[in-house]
Amino acid sequence: MNALKDFVTQTQHWTSEQWRIYHNEHIPALVQQAYNNVPFYRQWFDAAGIKPEDIRTVDDLIKIPIVRKADLIAHGADFRAENASEYAMIHHHTRGTNRTP
């Protein structure tokens, strides 16, 4: 928890450009992690003809098709990373509507 607190303290006054640089440095690894370990994103990228290497910066995120509520409902189990520990999973339930807009 101290690492998170330190990060927030260090970054709380960052400019939008500093955040952009930070995100651009971390997006490639995040996208590669999702592709390698999350079945839904691997299938989603493949269906759209996108390779992880195609997403290098914030500006590239527009290439990824939007995931809709119906996708989450239909493929919920496929959003779990294959490398996630069962014990590290946190299960949450929300109180809200299940109606489709």
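A residue is called buried when its relative accessible area is under 20%, exposed when that area is over 50%, and partly exposed in between, as judged with a 1.4 Å probe on protein chains only. By this rule Thr-57 is partly exposed, because its relative accessibility is 26%. The model described here is predicted, so local features are reported only at a pLDDT of at least 70 and side-chain atom pairs only at pLDDT 80 or more, whereas totals for chains, interfaces and linings use all residues. Residues are numbered from 1 along each chain as its sequence is written, and side-chain values rest on heavy atoms, with hydrogens and water left out.

The protein chain has 4 helices and 0 strands, and along the sequence its pattern reads α-α-α-α. Helices and strands are DSSP runs numbered from the N terminus, a helix being H or I over at least four residues and a strand being E over at least two. Of the 101 residues of the chain, 18% count as buried. Contact, which means heavy atoms within 4.5 Å, can be sorted by distance along the sequence. Among contacts between residues at least 6 apart in sequence, 52% join residues at least 24 apart.

The interior may be considered next. In soluble globular proteins, nonpolar side chains tend to be buried together. A nonpolar core is defined as a set of buried Ala, Val, Leu, Ile, Met, Phe, Trp, Tyr and Cys residues joined through side-chain atoms within 4.5 Å. The largest such core in this model has 6 residues, namely Ile-27, Val-31, Tyr-35, Phe-45, Ile-50 and Ile-55. Helix α2, which spans residues 16-37, gives the most to this core, with 3 residues.

Helix α3 contributes buried residues of its own, which are Pro-39, Phe-40, Trp-44 and Phe-45. The buried residues of α3 pack against α2 and α4. Just after this helix, Gly-49 takes a positive phi of about 70 degrees.

Aromatic rings form a further theme. Rings of Phe, Tyr and Trp (its six-membered ring) pair if their centres lie within 6.5 Å; planes under 30 degrees apart count as stacked, over 60 as edge-to-face and the rest as tilted. By this rule the count comes to 11 aromatic pairs. Phe-40 and Trp-44 count as stacked because their ring centres are 4.9 Å apart and their planes lie at 25 degrees. Both residues belong to helix α3 (residues 39-48), where they are 4 residues apart, about one turn of the helix. Phe-40 counts as buried because its relative accessible area is 3%. Elsewhere, Phe-7, Trp-14, Trp-19 and Tyr-22 form one aromatic cluster.

Charged side chains supply links as well. A salt bridge is a side-chain nitrogen of Lys or Arg within 4 Å of a carboxyl oxygen of Asp or Glu, and the structure holds 3 of them. In one, Arg-20 meets Asp-59, with the closest N and O atoms 2.6 Å apart. This pair links distant parts of the chain, since Arg-20 is in helix α2 and Asp-59 is in the loop between α3 and α4 (69-74), 39 residues apart. Another joins Arg-42 to Glu-82, with the closest N and O atoms 3.0 Å apart. Arg-42 lies in helix α3 and Glu-82 in the segment after α4, so this bridge ties together parts that are 40 residues apart in sequence. Arg-42 is partly exposed, at 22% relative accessible area, whereas Glu-82 is exposed, at 52%. Asp-60 and Lys-63 also form a salt bridge, at 3.5 Å from N to O. Here Asp-60 is buried, at 15% relative accessibility, and Lys-63 is partly exposed, at 45%.

Thr-57, with which this account began, lies in the loop between α3 and α4. Not counting residues up to four places away in sequence, Thr-57 touches Asn-24 and Ile-27. The C-alpha atoms of Thr-57 and Arg-20 are separated by 8.7 Å, although the two residues are 37 apart along the chain.
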